[in-house]
Amino acid sequence: MDNQSNHTRKQELVMSRIFSVPRGKVWKAWTDPESAKEWWGPVNFTAPFIHIDLRVGGKYVNCMRSPDGTDYWSTGFYKEITPPSRLVLTDSFADENGNIVGADYYGMDPGFPRESLVTVTLEEIDGKTGFTMKYDDVSQMKDEDLQGMKQGWNESFDKLADYLSRQEQS
């Protein structure tokens with residue numbers, strides 16, 4: 001057996017933004033279920049259910065609802081929590097009961113990782129927040145799925161920016 005076939009190179013997905021509010025507000029938007037419901041998911045998606053047990057070992061369960069009414073559930077566990085600067089968590093597709101399922105459960109390519117390690121960092125920059133989200137390894141994903149994932153997250157971050165802006169004005 002060829003040894004090199006067992007050593008695929010890890011490929012990270014790193015996405016960054018600057019939000020025009022202090023990082024405590026971005027932290028709350030990520031860690032407070034009612035806040036997260038306001039922005040979670042791509043454009044035209046809603047988040048009718050978000051449960052966050054914000055403690056190391058705690059579980060989150062989120063539901064994104066597509067415009068056609070299809071629910072997409074995700075879940076994971078918090079590995080590290082350093083308020084208001086860092087979250088390390090796992091991310092997986094789930095069924096409506098919060099049980100981990102493969103991407104094929106939603107008719108997607110099974111090359112999606114069953115569980116991803118995600119690191120979210122928030123850096124205070126002159127009253128604004130430097131935001132970075134890193135998926136540890138996306139090397140097994142098809143390019144089209146990876147592009148869809150990037151698009152979905154970018155749309156979510158646009159919604160987050162709008163939500164934070166509305167919060168600042170109220």
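**View 1. Salt bridge between Arg17 and Asp158 in the predicted model.** Arg17 is partly exposed, with a relative accessible area of 21%. This structure is a predicted model. The side chain of Arg17 meets that of Asp158 in a salt bridge of 2.8 Å, N to O. Because Arg17 belongs to strand β1 and Asp158 to helix α3, the pair ties together parts that are 141 residues apart in sequence. Asp158 is likewise partly exposed, its relative accessible area being 38%.

**View 2. Further salt bridges.** The whole structure holds 10 salt bridges. One of them joins the side chains of Lys10 and Asp136 at 3.0 Å, N to O. Lys10 lies in the segment before β1 (13-19), while Asp136 lies in the loop between β8 (128-135) and α3, so that distant parts of the chain, 126 residues apart, are linked. Another salt bridge is formed by Arg55 and Asp53, whose closest N and O atoms are 2.9 Å apart. Arg55 is partly exposed at 47% relative accessibility, and Asp53 is partly exposed at 24%.

**View 3. The largest nonpolar core.** This core comprises 42 residues, and Trp30, Met133 and Trp153 have the most contacts inside it. Helix α3 (residues 143-169) supplies the largest share, 7 residues. Leaving aside residues up to four places away in sequence, Trp153 touches Met15, Trp30, Trp40, Met133 and Tyr135. In soluble globular proteins, nonpolar side chains tend to be buried together.

**View 4. Aromatic pairs.** There are 16 aromatic pairs in the structure. Phe93 and Tyr106 make a tilted pair, with 5.8 Å centre to centre and 50° between the planes. This pair links distant parts of the chain, 13 residues apart: Phe93 is in strand β5 (residues 86-94), and Tyr106 is in the loop between β6 (100-101) and β7 (116-125). Both Phe93 and Tyr106 are buried. Elsewhere, ring pairs join Phe19, Trp30, Trp39, Trp40, Phe131, Trp153 and Phe157 into a cluster.

View 5. Strands β3 (residues 59-65) and β4 (residues 71-82) pair in the antiparallel sense over 7 bridges. Within this pairing, Met64 has Tyr72 in β4 as its bridge partner. The hairpin of β3 and β4 has 5 residues between the strands, and Gly69 in this hairpin takes a positive phi near 95°. Strand β4 also pairs with β5 in the antiparallel sense, over 7 bridges. Tyr78 stands opposite Leu89 in β5, and a hairpin of 3 residues joins β4 to β5.

Terms used. Residues are numbered from 1 along each chain as its sequence is written. This is a predicted model: local features need pLDDT of at least 70, side-chain atom pairs count only at pLDDT 80 or more; totals for chains, interfaces and linings use all residues. Side-chain values use heavy atoms; hydrogens and water are left out. A nonpolar core is a set of buried Ala, Val, Leu, Ile, Met, Phe, Trp, Tyr and Cys residues joined through side-chain atoms within 4.5 Å. Buried means under 20% relative accessible area, exposed over 50%, partly exposed in between (1.4 Å probe, protein chains only). Helices (H or I, at least four residues) and strands (E, at least two) are DSSP runs, numbered from the N terminus. Contact means heavy atoms within 4.5 Å. Rings of Phe, Tyr and Trp (its six-membered ring) pair if their centres lie within 6.5 Å; planes under 30 degrees apart count as stacked, over 60 as edge-to-face and the rest as tilted. Two strands pair if DSSP finds at least two bridges between them. A salt bridge is a side-chain nitrogen of Lys or Arg within 4 Å of a carboxyl oxygen of Asp or Glu.
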